[in-house]
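Work through the exercises below with the sequence and the structure at hand. Each task is followed by a solution in steps.

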Amino acid sequence: MKLLLDWDGTVTVEDTLIMALREFGDWGVYLDAAAALRRGEITLHEEIRRDAKSITAPLEEVTAWLVERMELRPGLHELAERHRPLIVSSNFRELIEPILEREGLELEVRANHVEWHPDGWRATFRNGDACGTCGEPCKRADLPQGGELVYVGDGYSDRCAAQAADRIFARDGLARYLDEQGVAYEPFDDFFDVARALS
């Protein structure tokens, strides 16, 4: 069994990039891009690209600020010790890895990249090809092949990848979406819930 964890809103209590945007970026850009994504006018990659470009602060400054403030969902350490999950995120490795380091956790991370640039951060996406299922580049391309897959997620970026798994744990937006689609999942509040269900 391979356990896959989304990062923002799943491993973290709040979304890392949204916290960074609220403090260092342009909140109006975020609101406009999020609305355009909801209307189906842009892809998730385009939303993330626009969000990142609105941040001009150095990466080190932003990551230090996040490391000080980011709260993780309870039960992560115990779950990580037992199942060695793979983190699959639409966010940036550069924002994720310092927080894992703070926690003393060495986990495999499949995520996008970002570089500081004076006129705004530049995002690089690891999956550029449109998915044959959802029609846009998505996290399904990051899923390991073979064996039972268990996916734990909470939001928009998890919709397609979660449905490729044998078992889904969902909360918030992902749970609402799966309800609408008539797809079975197990609800969770924290990682103790997930660990109990998997034991």
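**Exercise 1.** Find which residues lie nearest the centre of the largest pocket, and which element gives the most to its lining.

Solution. The largest pocket is lined by 34 residues, and nearest its centre lie Asp15, Ile18, Gly155, Tyr156 and Ser157. A pocket is an open set of points on a 1 Å grid over the protein atoms alone, where a 1.4 Å probe fits, with protein on both sides within 12 Å along at least five of seven lines; lining residues have an atom within 4 Å of a point. The model is predicted: local features need pLDDT of at least 70 and side-chain atom pairs pLDDT 80 or more, while totals for chains, interfaces and linings use all residues. Residues are numbered from 1 along each chain as its sequence is written, and side-chain values use heavy atoms, with hydrogens and water left out.

Next, take the elements: H9 gives the most to this lining, with five residues. Helices (H or I, at least four residues) and strands (E, at least two) are DSSP runs, numbered from the N terminus.

Last, sort by class: the lining has 11 nonpolar, eight polar and 15 charged residues. Ala, Val, Leu, Ile, Met, Phe, Trp, Tyr, Cys and Pro count as nonpolar, Asp, Glu, Lys and Arg as charged, and the others, Gly among them, as polar.

**Exercise 2.** Describe the lining of the second largest pocket.

Solution. Of its 19 lining residues, Cys134, Glu136, Cys138, Tyr156 and Cys160 are the closest to the centre. H4 and helix H8 (159–162) are the elements that give two or more residues to this lining. By class, the lining divides into seven nonpolar, seven polar and five charged residues.

**Exercise 3.** State how helices H3 and H4 run relative to each other.

Solution. The axes (lines fitted to C-alpha atoms over the stretch in contact, with angles from 0 to 180 degrees between N-to-C directions) of H3 (residues 27–38) and H4 (residues 44–53) come within 9 Å and cross at roughly 175°. H3 and H4 are therefore roughly antiparallel, the term for angles over 145 degrees. The contact (heavy atoms within 4.5 Å) is made by Val29, Tyr30, Ala33, Ala34 and Leu37 of H3 and Leu44, Glu47, Arg50 and Asp51 of H4. These contact residues divide into six nonpolar, no polar and three charged.

Conventions. Angles under 35 degrees count as roughly parallel, over 145 as roughly antiparallel, 65 to 115 as roughly perpendicular and the rest as oblique.
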